[in-house]
Amino acid sequence: MPVKILIVEDSPTMRQLVGFALKRLPGAEIIEAADGVEGLKKINSNVFDLIITDINMPVMDGLKLISLVRRDVNYRNVPIMIITTEGGAEDRERALALGADAYITKPIQAGQVLDTARNLLGIA
Amino acid sequence: MTSDRNHNSQDDLGRESPRRPEEILNLMTKSADFIKELMEENERLRYRVVQLQEENQDLATGVAAGQRSEFIKQQIRQLEKEKDRILEEYRKVEEENKTFATRYINIEEENNNLANLYVCSFQLHSTLDFNEVVQIIMEIIINLIGGEDFGIYLFDDKTRKLKATAMEGMPIDNLRPIAMGEGIIGQTMVTGESFFDPVLQQPTRPEGKRSPENPLVCIPLKIKEKVIGVIVLYKLLPQKTQFQNVDYELFTLLAGHAATAIFSAKLYSEAQRKLDTIKGFMGLLTMSE
């Protein structure tokens, strides 16, 4: 089953690392955005099955992006995964309260990202 | 009978003798008793025959049952053996399965590490812009190694000292140049050997900032045997609890790729600068003509 995934992250290296890991999902189409605003634009012009976002980004951060995405009726149930350097419990709780479904801290491990994506997409 | 009618009888010698009715009656009674006894004996014997037949049948049944039981026991023994063999096979398969699962996990891990390394080297060599290369190195250290405070020192040919080129988590302006052989960083530059503080092996590390001269990790940026600088790591992200084997490998491999990327970018920028100068001269020359 093809899946469309949006990666919102300001670091091109990180985008590529995450994208490379997720390409192992069958039929995965990866679309990248460098910040929250670019991410929102992509969200408005595409239908995504999963959104992955960083928190600390220029222009618009990941938490603002999540709150805006969750206001959109079409994206109320689309899973959101956060990948961030912020490892504090408060950041995690805040992100989950805003509507994130999974919270992964950096440094990332490709296997962990892939497994979390599989869980969120309901792929066995 | 004629003789009875005549009240005559014969004795043991066959002589005719007259019999009295009492004798005859006595004889008849005895005969009747005898017959009765015979009948009773017959009955007893019949009963005994029935008993014996039953016993015989029981014995026959017992023998058959014994044979059957022996057969079943044999079958059970065979099945027990078969079960043991199957269990042994199962145990072996289970063991193989575990070995394969472990190998799968290891291969998966290796695969992920290779993928990470591929992306890192791809990114590092995707540009010849020096600042971009440095930025990529910094991103890799944050995202893959989990560095919080770290930086890059590059060797300055003019001053013969290591100069901080990029720093994350601490102000770069306060960092003084480091002479060859001075402290851990200077020693790494001279020996070309990586330095890993033994504290990295411990599950908990002491909190607080480390001084610039006292890094947790110091990795030489080497092209073959020539050291062009070092990557220094002072602090890991709080969630990065321990430095694992893969981190050592990744860090060392990254340093190799980073070194060539930095070197190429430097050469390219120098060549570009020279080219621009030559172009400027050429421009001046053609203008003067």
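Before I start, one term: when I call a residue buried, I mean that its relative accessible area is under 20%. Please also keep in mind that this is a predicted model.

Let me begin with helix α1 of chain A, which runs over residues 12–22. Eight of its 11 residues are buried, so the helix is largely enclosed by the rest of the structure. The buried residues of α1(A) are T13(A), M14(A), R15(A), L17(A), V18(A), G19(A), A21(A) and L22(A).

Now to the contact between the two chains, to which chain A brings 18 residues and chain B brings 21. Chain A and chain B bury about 1,600 Å² between them, with carbon and sulfur atoms giving 56% of that area. On the chain A side, T13(A), L17(A) and P107(A) together supply 33% of the area that this chain buries against chain B, which is more than any other three residues supply.

As for which helices of chain A take part, α1 and α5, the latter covering residues 110–121, each supply at least two residues of the side that touches chain B, and α1(A) gives the most, with six residues. By class, that side of chain A holds seven nonpolar, nine polar and two charged residues.

Definitions and conventions
Residues numbered from 1 in each chain as written. Chains lettered and ligands numbered in written order. Predicted model: local features only at pLDDT ≥ 70, side-chain atom pairs only at ≥ 80, totals over all residues. Heavy atoms only, no water. Buried < 20%, exposed > 50% of the residue type's maximum accessible area, 1.4 Å probe, protein only. Helix = DSSP H or I, 4+ residues; strand = E, 2+ residues; numbered from the N terminus. Contact = heavy atoms within 4.5 Å. Buried area = accessible area lost by both parts, 1.4 Å probe. Nonpolar A, V, L, I, M, F, W, Y, C, P; charged D, E, K, R; others polar.
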